[in-house]
Amino acid sequence: PLYSTLNRQIAEHPDLVELLTAAPDEQQLPVLLLAAVHSLVLAEPDLELAAWYPTTSAEPRPTDPFPAFARLCRDRADEIRSIVRTHSVQTNEVGRCALLLPPLGLVETEVGPLALIDVGTSAGLNLHLDRFEYVYSPGGRVGAPSPVVLECGVRGDIPIPPRLPTIVSRLGIDRSPVDITDPDSARWLLACVWPDQPDRFRRLAAAIARAATGPASVVRGDAVETVAAAVRTHGERAHPVVIDSWVLNYLPEQRRRDYVAELDRAGGHGDLTWISAEAPALCAGLPYPPHLHDVQRTVVLVVRWRSGVRTVTHHATAHPHGYWMHAPAA
């Protein structure tokens with residue numbers, strides 16, 4: 001609601017829209033401008049606009065935030081242009097770990113300890129999924145008490161694991177990794193969360209603090225060019241599992257096909273599992289069953305290569321931030 005209110009009015013003020021033209025063409029998105037302003041508010045919570053933001057005010061003002069928003073944009077225009085020129089919209093939605101945990105539990109039951117490879121990892125927070133606590137309804141709690149608690153509603157036959165999986169190796173791959181030990185980078189990650197979704201903001205902040213005590217290994221690299229080598233290297237220690245969530249929609253269709261081809265090649269040389277949480281309608285080129293090709297919602301797909309043979313399973317349809325997951329109809 002906050003961003004909807006702001007966007008309607010920003011669109012009527014060309015000088016505010018113009019701030020986005022400092023960004024590269026593919027990043028000239030309204031959410032980038034909004035994140036840039038949110039970043040200023042988080043860094044300076046005494047700003048006038050902070051009184052309307054639930055992330056900086058315990059009792060946000062119920063009145064129209066746009067006049068204060070516009071004043072801040074005009075007063076700090078050069079700084080905002082610099083932010084949108086040098087940053088991109090990047091999230092690390094830890095809520096999606098609740099979607100990944102059940103299929104990871106199944107795979108561990110099949111093959112034993114796992115080597116986790118997260119493509120499009122951002123800050124690598126989802127690589128710490130075995131350090132979070134989960135509450136499935138129904139299904140109960142999984143994991144020890146943690147400052148990061150992820151709640152997920154379940155419908156249908158989703159096998160909730162009795163415990164967290166054993167992960168012996170973890171690696172993240174990202175074209176622009178986020179260093180969570182750097183305060184400015186961590187703040188930008190938080191700024192990309194919409195401020196009137198305080199539950200997402202709080203759990204992201206908790207996940208950043210948790211991961212900062214022992215960050216996972218993250219390498220800078222292209223998904224297509226890096227994933228096969230990562231599988232080979234990390235598959236030496238345990239069964240390799242590649243995960244991605246709301247990443248592949250940012251690739252052109254041919255690059256998605258190339259990505260699948262790289263996984264096919266890797267799976268031809270040794271057993272491999274790929275767990276993907278993407279929206280089929282935005283991800284042509286992935287091996288979805290025909291009835292799922294136009295689905296707008298998040299689909300959790302489990303692809304296995306065993307002895308060189310590939311199988312594809314539709315595990316669940318889900319909320320993009322992990323609030324619910326539904327088993328496919330029988």
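The report below takes up the basis of the values, then the cores, a helix and the cysteines.

## Basis

This is a predicted model, in which local features need pLDDT of at least 70 and side-chain atom pairs count only at pLDDT 80 or more, while totals for chains, interfaces and linings use all residues. Residues are numbered from 1 along each chain as its sequence is written, and side-chain values use heavy atoms, with hydrogens and water left out.

## Nonpolar cores

A nonpolar core is a set of buried Ala, Val, Leu, Ile, Met, Phe, Trp, Tyr and Cys residues joined through side-chain atoms within 4.5 Å, where buried means under 20% relative accessible area and exposed over 50%, with partly exposed in between (1.4 Å probe, protein chains only). The largest such core has 85 residues, of which Tyr-53, Phe-69, Leu-125 and Tyr-134 touch the most other members. Helix H3 gives the most to this core, with nine residues; helices are DSSP runs (H or I, at least four residues) numbered from the N terminus. Apart from this core lies another of 27 residues, including Val-224 and Leu-263.

## Helix H5

In H5 (residues 77–86), Ala-77, Ile-80, Ile-83 and Val-84 are buried. Seen down the helix axis, the buried residues fall within an arc of 120° (taken from the directions from the axis to the C-beta atoms), so they line one face of H5. The face turned away from this buried side carries the exposed residues Asp-78 and Thr-86.

## Cysteines

The structure holds zero disulfides, a disulfide being a pair of cysteine sulfur atoms within 2.5 Å. For Cys-97, the nearest cysteine sulfur is that of Cys-152, 11 Å away. Cys-97 counts as buried at 0% relative accessibility, and Cys-152 is buried with a relative accessible area of 2%.

Notes:
Helix = DSSP H or I, 4+ residues; strand = E, 2+ residues; numbered from the N terminus.
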